[in-house]
Amino acid sequence: MSISKTADMVLVTARLRLRRATQGDLNDLFAIYADPREMRYWSTLPHTDRSVTQQNLNGMLAQDPLTYFVIEYGGRVIGCAGLYRADEIGFLLNPDHWRQGYVSEAMGAIIPYLFDVTDAAALTADIDPRNVASAATLRKLGFVETHRAERTYCIGGVWSDSAYYALPRPVPSP
């Protein structure tokens with residue numbers, strides 16, 4: 001995979017453009033965050049109002065350095081991925097684009113970038129263990145499950161568990 005880093009913080013892969021969010025992305029992001037299929041395993045309920053998505057977007061706009069990217073395909077934002085908080089990665093993808101390898105492709109470009117711009121000893125992920133697609137994606141990216149915990153999130157009155165994954169910083173070549 002060819003990755004090009006440009007001065008305006010854009011990572012380019014074979015099919016995707018990974019860039020800083022802009023205010024113009026609100027509608028595409030709201031479509032993702034409002035979709036119950038996508039939010040089934042997320043840590044919040046689907047967004048019912050654009051103002052909730054706007055709060056997320058405000059956080060994305062304020063990042064410095066950029067560590068959480070929107071995923072653009074064919075000129076449209078189809079998801080977002082990167083450092084969600086501290087050393088924890090996260091990714092969301094519009095369900096119309098599931099099972100086409102977009103998250104693996106995006107994270108394949110983002111992970112080396114994150115190790116370049118942060119001092120994280122490892123990247124981590126916290127997923128609902130029922131989310132087999134995300135677990136498979138994490139394993140494909142080299143993450144290993146480290147442990148599980150029960151009843152970690154209560155979303156809409158329903159408890160879910162967590163499976164925790166980690167990817168250590170690569171050891172530099174001599």
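Mentor: One term to begin with: contact means heavy atoms within 4.5 Å. And keep in mind that this is a predicted model.
Trainee: Okay. Which residues does Ile110 touch, leaving out those up to four places away in sequence?
Mentor: Leu11, Leu18, Phe69, Ala81 and Gly82.
Trainee: And in the largest nonpolar core, which residues touch the most other members?
Mentor: Ile110 is one of them, along with Leu18, Ile89, Met107, Leu123 and Phe143. That core has 33 residues.
Trainee: Which elements give two or more residues to this core?
Mentor: The strands are β4 (68-73), β5 (76-85), β6 (88-93), β7 and β9 (158-168). The helices are α4 (102-117) and α5. The largest share comes from α4, with 10 residues.
Trainee: What lies apart from it?
Mentor: Another core, of 14 residues. Ala21, Ile32, Met39 and Tyr68 are among them.
Trainee: Switching topic. How many disulfides?
Mentor: The count is 0.
Trainee: What about Cys80, buried or exposed?
Mentor: Buried, because its relative accessibility is 0%. Cys154 is partly exposed, at 41%.
Trainee: Next, Asn131. Where does Asn131 lie?
Mentor: In the loop between β7 (122-127) and α5 (132-140).
Trainee: Why does Asn131 count as buried?
Mentor: Its relative accessible area is 15%, and buried means under 20%.
Trainee: What does its side chain make a polar contact with?
Mentor: The side chain of Ser134, at 3.1 Å.
Trainee: And how far is Asn131 from Arg40?
Mentor: They are 91 residues apart in sequence, but 8.9 Å apart in space, C-alpha to C-alpha.

Conventions:
Residues numbered from 1 in each chain as written. Predicted model: local features only at pLDDT ≥ 70, side-chain atom pairs only at ≥ 80, totals over all residues. Heavy atoms only, no water. Disulfide = S-S within 2.5 Å. Buried < 20%, exposed > 50% of the residue type's maximum accessible area, 1.4 Å probe, protein only. Helix = DSSP H or I, 4+ residues; strand = E, 2+ residues; numbered from the N terminus. Polar contact = N/O pair within 3.5 Å; in protein donor to acceptor, adjacent residues only side chain to side chain. Core = buried A, V, L, I, M, F, W, Y, C linked by side-chain atoms within 4.5 Å.
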